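Here is a short briefing for a first look at this structure. Keep the sequence and the 3D view at hand while reading.

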Amino acid sequence: MQAITLAITGASGAPYALRLLETLISANRQVYLLLSSAAKVVLATEAAQKWPSSDEQFDKLMCEQFHAQSGQVVRLGKEQWFSPVASGSSAPKQMVVCPCSMGTLSAICQGSSDNLIERAADVVIKERGHLILVPREMPLSAIHLENMLKLARLGVDIMPAAPGFYHQPQTINDLIDHVVGRILDHLGIDQSIMPAWGYDGCRINGE
């Protein structure tokens with residue numbers, strides 16, 4: 001399986017992260033999953049997800065709830081410095097932080113590398129890989145915008161969790177799929193959850 005790193009932080013937007021995880025599993029990707037402490041709170045609050053601490057039970061949950069193969073999703077702690085994502089010689093070339101808190105975005109911008117999420121992002125940048133950040137904040141301060149601009153100039157994709165409405169969404173899941181579908185497009189992963197503009201399902205007033 002081609003590997004990818006998915007980091008979930010404490011910004012609001014847990015449903016985006018869960019849907020992205022589900023689609024990456026369906027696309028037969030090996031997922032290195034990183035969660036901040038705040039992300040665990042947000043997952044419990046927004047999606048009633050409280051994942052077991054046992055790796056065995058976690059693997060079982062991934063298989064049952066997300067239809068993953070055993071071992072397909074590898075959960076890593078914030079200080080597992082000997083994990084593949086911490087080294088340029090073995091880290092996946094693609095990483096998504098979804099949702100991305102402004103604190104995490106700032107730390108990545110400054111190259112802090114104080115935890116595994118920050119280090120993994122730093123590795124992807126220095127190895128000229130593909131890093132996607134999905135911030136969810138409003139309003140944006142000048143500090144936030146300056147950090148995003150600096151990262152964008154380094155080749156990082158900044159993809160705010162801002163769903164469109166041109167596909168005439170009928171449910172919240174349609175809005176979630178719009179954002180996740182765009183992320184998958186940028187990762188080069190075939191997807192059918194969000195039609196491209198101009199095709200069936202994305203025409204204004206049926207024209």
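Predicted model: local features only at pLDDT ≥ 70, side-chain atom pairs only at ≥ 80, totals over all residues.

Helix 1 packs against helix 7, and helix 4 packs against helix 5. Two cis peptide bonds are described as well, one from cysteine 98 to proline 99 and one from methionine 138 to proline 139.

- Strand 2, residues 30-35, pairs with strand 3 in the parallel sense. Four bridges join the two.
- Which residue of strand 3 is the bridge partner of tyrosine 32? Valine 74 is that partner.

**Helix 1 and helix 7**

- Two packed helices are described by the angle between their axes and the distance between the axes.
- Helix 1 covers residues 14-26, and helix 7 covers residues 172-187. They pack at an angle of about 50 degrees, and their axes are 9 Å apart.
- That angle makes helix 1 oblique to helix 7.
- The crossing of helix 1 and helix 7 is right-handed.
- On the helix 1 side, the contact involves Pro15, Tyr16, Arg19, Leu20, Thr23 and Leu24.
- On the helix 7 side, Leu175, Ile176, Asp177, Val179, Val180, Ile183, Leu184 and Leu187 take part.
- By class, the residues of this contact of helix 1 with helix 7 are eleven nonpolar, one polar and two charged.

**Glutamine 191, after helix 7**

- Glutamine 191 sits in the segment that follows helix 7.
- Leaving aside residues up to four places away in sequence, glutamine 191 touches Gly181, Leu184 and Asp185.
- The side chain of glutamine 191 also reaches the backbone nitrogen of methionine 194, at 2.9 Å.
- Glutamine 191 and isoleucine 176 are 15 residues apart along the chain, and their C-alpha atoms are separated by 14 Å.

**Helix 4 and helix 5**

- Helix 4 spans residues 102-110, and helix 5 spans residues 116-126. Their packing angle is about 45 degrees, with the axes 9 Å apart.
- Helix 4 is therefore oblique to helix 5.
- The crossing of helix 4 and helix 5 is right-handed.
- Thr104, Ala107 and Ile108 of helix 4 meet Ile117, Glu118, Ala121 and Ile125 of helix 5.
- This contact of helix 4 with helix 5 has five nonpolar residues, one polar and one charged.

**Backbone details**

- Most residues other than glycine have a negative phi, and most peptide bonds are trans.
- The peptide bond from cysteine 98 to proline 99 is cis, with omega near -10 degrees. Proline 99 belongs to strand 4, residues 94-100.
- The peptide bond from methionine 138 to proline 139 is also cis, with omega near -5 degrees.
- Where is proline 139? Its place is in the loop between strand 5 (130-135) and helix 6 (142-153).
- Histidine 67 is not a glycine, yet its phi is positive, at about 60 degrees. Histidine 67 lies in the loop between helix 3 (55-66) and strand 3.

Key. Residues numbered from 1 in each chain as written. Heavy atoms only, no water. Pairing = 2+ DSSP bridges. Axes fitted to C-alpha atoms, helices over the stretch in contact; angles between N-to-C directions. Parallel < 35°, antiparallel > 145°, perpendicular 65-115°, else oblique. Left-handed = near helix turned anticlockwise from the far one by under 90°. Contact = heavy atoms within 4.5 Å. Nonpolar A, V, L, I, M, F, W, Y, C, P; charged D, E, K, R; others polar. Polar contact = N/O pair within 3.5 Å; in protein donor to acceptor, adjacent residues only side chain to side chain.
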